[in-house]
Amino acid sequence: MSHIIVERLSKIYGSGDSQVAAVSNMNFKIDSGEFVGVMGESGAGKSTLLSVLGAMNTPSAGRYLVDGIDVYGLSQEKQADFRREFLGFVFQRFHLIPYLTVLENVMLPLTCADMNRREKQARARAALAVVGLENKWKRLPSEISGGENERVAVARAIVNDPPILLADEPTGNLDSRNTGEVMKLLCRLNENGATIVMVTHSAECSAYAGRVMTLADGRLVSEGRRPIEAVSPSFIFGRENVCYA
Amino acid sequence: MTRKDIALKNLWRRKGKSFFILAGLVIAVATVVGLISFVTAMTHTINHQLEKYGANILIVPKTDNLALTYGGMTLGGVAFETREIRESDLAGIATIKDAASIAAVGPVVLGGVEIENRHVLLAGIDFDATRILKPWWKVSGALPGPDEVLLGAETARILGLGIHEPVFIKDRAMSVAGVLAPTGSQDDQLIFTTMGTAQVLLDKPGVVSMVEVAALCNACPVEEMVAQISEKLPDAKTMAIQQVVRGRMETLNHFQRFSYLISGIVVFIGGLVVLVTMMGSVRERTEEIGIFRAIGFRKKDVMEITFIEAAVLSAIGGVLGYLLGYGATRLGFLLLAKKEAAMVLLNPTLAAGALLMAMAVGLAASAYPAFMAARMDPSRALRSL
């Protein structure tokens with residue numbers, strides 16, 4: 001059974017003459033453990049699709065199922081629970097809380113969890129270890145680099161061990177070195193079983209994905225695997241870093 | 001990381017806004033506490049003076065005579081050469097409904113006598129009742145027995161009499177048992193003796209000229225007691241001396257009501273300050289709240305964070321506001337009315353009330369901002385999604 005199922009999904013903003021179909025009649029499935037890239041020009045509907053997959057934007061039509069759960073059939077509070085248990089978000093602009101330390105930011109998804117402070121700290125430290133930032137747990141986001149901020153955001157996304165990671169332009173604000181670091185990290189998480197849906201403008205980053213869906217004008221216009229040989233070696237950040245080599 | 005941790009860290013980070021909210025609450029609470037403390041202290045002072053005043057009900061024979069003064073007060077008609085009150089009728093006072101509120105009943109028989117060619121007013125009184133009715137009396141010597149007298153200060157000076165010296169009243173040999181310290185009232189010009197002795201000397205057996213009654217506490221129903229006593233003594237005129245100070249009490253009541261009105265307005269403004277500042281804070285934290293919601297915070301979790309912030313500031317505001325209000329009132333009295341400063345006391349009930357009021361205002365004012373924060377659409381809040 002597919003992990004994620006999207007059926008006839010549409011999202012329309014506005015009404016009457018000012019109506020805009022950000023996503024239109026989309027159908028796809030994503031299996032557990034897949035790494036899917038979502039590409040398209042600005043305004044193609046990528047972010048809208050990701051917000052719908054993130055249970056934060058009720059579609060105008062269609063269904064969104066995760067492991068058989070009709071996500072938008074849940075109440076708003078249950079959708080919050082669903083996000084906490086099933087999803088991890090990695091945002092383009094990191095969206096870390098500026099007055100919390102790195103460790104506290106990673107612990108944030110555990111705020112409502114039924115565990116004591118020591119357990120929460122242990123899990124957060126483990127997540128920081130995965131992203132290689134366990135030594136910077138006391139720092140504030142303003143005291144670390146952009147790449148490190150993004151890695152903290154990844155740690156926060158995985159601290160609850162969610163089966164699905166949603167990443168919106170995770171390398172959009174990073175230089176090439178940090179981009180490579182973050183993409184390596186995502187690959188490692190994918191190898192460990194996480195299902196990843198990543199929105200990206202970057203063909204280089206989409207090369208890490210096992211499958212790429214291309215959107216245009218709110219529609220899914222193509223999807224398929226991008227074989228490694230189809231990508232120019234000069235754009236790959238070290239051959240060993242490519243997930244599907 | 002708990003919701004409380006997030007709330008406290010946010011308060012610490014936004015010190016300016018936190019201080020602004022705190023200042024609003026502190027000023028509101030301090031104003032209320034200060035006004036209530038002031039009015040309470042003033043009420044105590046006036047009550048204290050009322051108690052010092054002694055009698056607050058006067059019973060006099062019904063008469064058409066013009067008013068005379070006694071003790072600096074306008075009494076109505078006291079004609080001591082005309083009809084008096086039967087002493088036996090006074091037993092009826094003990095049978096009124098509010099008899100338990102009566103502290104003392106002091107009958108007085110008055111009459112003029114001649115001592116060494118001088119006309120002096122002789123008053124026969126119940127010296128036991130006088131202890132309650134005239135607590136300001138200071139006696140050099142002792143209170144008189146049956147053949148003794150107590151001289152007012154002026155009387156002693158004018159007659160040139162001192163303690164233990166003999167004095168003849170209507171050919172009856174008596175001695176001076178004591179001399180009153182000056183009271184500044186008509187008492188300074190009287191001679192006092194026991195009721196029985198005075199009734200014999202004045203040839204007024206079984207009658208009294210007037211009766212002073214002390215009713216306990218300021219909350220007792222003086223007007224009702226006047227009506228009840230009037231019923232028992234239909235031939236006498238009963239009136240509340242409290243009428244003399246009623247003007248002051250009414251002023252205090254007016255001030256009390258005014259202070260409550262001002263307090264209400266100040267509390268309302270304090271609540272508005274909290275509301276507006278919290279609304280601004282919620283708008284500033286749009287992205288942050290979006291993150292909370294995106295990572296799985298329920299609406300109630302977001303509201304709880306807002307309420308915790310409000311509760312912490314309100315609790316601090318309540319305590320500081322009470323201390324500031326109490327301190328300002330005490331300082332004000334020390335500077336302007338030192339004697340009354342001791343009436344301004346730390347009041348645990350008022351402190352608890354101040355804290356509760358601050359919490360109620362803070363939490364009520366935060367309800368709408370908390371609701372707004374919880375309703376925020378996470379995808380719009382984060383913008384990148």
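User: Let's start simple. How many helices and strands does chain A have?

Analyst: Chain A has seven helices and 10 strands. It's a predicted model, so keep that in mind as we go. Of its 245 residues, 48% count as buried. And if you take contacts in chain A between residues at least 6 apart in sequence, 69% of them join residues at least 24 apart.

User: Okay, on to the sheet. In what order do the six strands sit?

Analyst: Reading across, you get β6-β7-β8-β3-β9-β10 of chain A, which form an open sheet with mixed pairing. The edges are β6 (87-90) and β10 (219-224), each pairing on one side only. On average, neighbouring strands here are turned by 20° against each other, ignoring direction.

User: Now helices. What describes two packed helices?

Analyst: The general idea is to give the angle between their axes and the distance between the axes.

User: Let me try chain B. At what angle do the axes of α1(B) and α9(B) cross?

Analyst: Roughly 55°, with the axes coming within 9 Å. These two helices are therefore oblique to each other. α1(B) passes α9(B) in a right-handed crossing. Among the residues of α1(B) that take part are Ile6(B), Ala7(B) and Leu11(B), while α9(B) brings residues including Ile305(B), Ile308(B) and Val312(B). The residues of this contact divide into eight nonpolar, one polar and five charged.

User: And where the chains touch? How is the size of an interface often given?

Analyst: It is often given as the accessible area lost when the parts come together. Here we'll count residues instead: 22 residues of chain B are in contact with 28 residues of chain A. On the chain B side, α1 (3-13), α8 (286-294), α9 (299-336) and α12 (378-382) each supply at least two residues. The largest share, five residues, comes from α8(B). By class, this side of chain B has eight nonpolar, five polar and nine charged residues.

User: One last stop: Pro109(A). Is Pro109(A) buried or exposed?

Analyst: Buried, because 31 other C-beta atoms lie within 10 Å, and 20 or more is the cut-off. Pro109(A) sits in the loop between α3 (102-107) and α4 (117-131) of chain A.

User: Which residues does Pro109(A) touch?

Analyst: Leaving out residues up to four places away in sequence, Pro109(A) touches Arg84(A), Arg156(A), Val159(A), Asn160(A), Ile295(B) and Gly296(B). Also, the C-alpha atoms of Pro109(A) and Ala157(A) are separated by 8.0 Å, though the two residues are 48 apart along the chain.

Technical notes:
Residues are numbered from 1 along each chain as its sequence is written. Chains are lettered from A and ligands numbered from 1 in the order in which they are written. This is a predicted model: local features need pLDDT of at least 70, side-chain atom pairs count only at pLDDT 80 or more; totals for chains, interfaces and linings use all residues. Helices (H or I, at least four residues) and strands (E, at least two) are DSSP runs, numbered from the N terminus. A residue is buried if 20 or more other C-beta atoms lie within 10 Å of its own, exposed if 12 or fewer, and partly exposed in between; C-beta atoms are placed from the backbone. Two residues are in contact if their C-beta atoms, placed from the backbone, lie within 7 Å. Ala, Val, Leu, Ile, Met, Phe, Trp, Tyr, Cys and Pro count as nonpolar, Asp, Glu, Lys and Arg as charged, and the others, Gly among them, as polar. Axes are lines fitted to C-alpha atoms, for helices over the stretch in contact, and angles run from 0 to 180 degrees between N-to-C directions. Angles under 35 degrees count as roughly parallel, over 145 as roughly antiparallel, 65 to 115 as roughly perpendicular and the rest as oblique. A crossing is left-handed if the near helix is turned anticlockwise from the far one by less than a right angle, and right-handed if clockwise. Two strands pair if DSSP finds at least two bridges between them.
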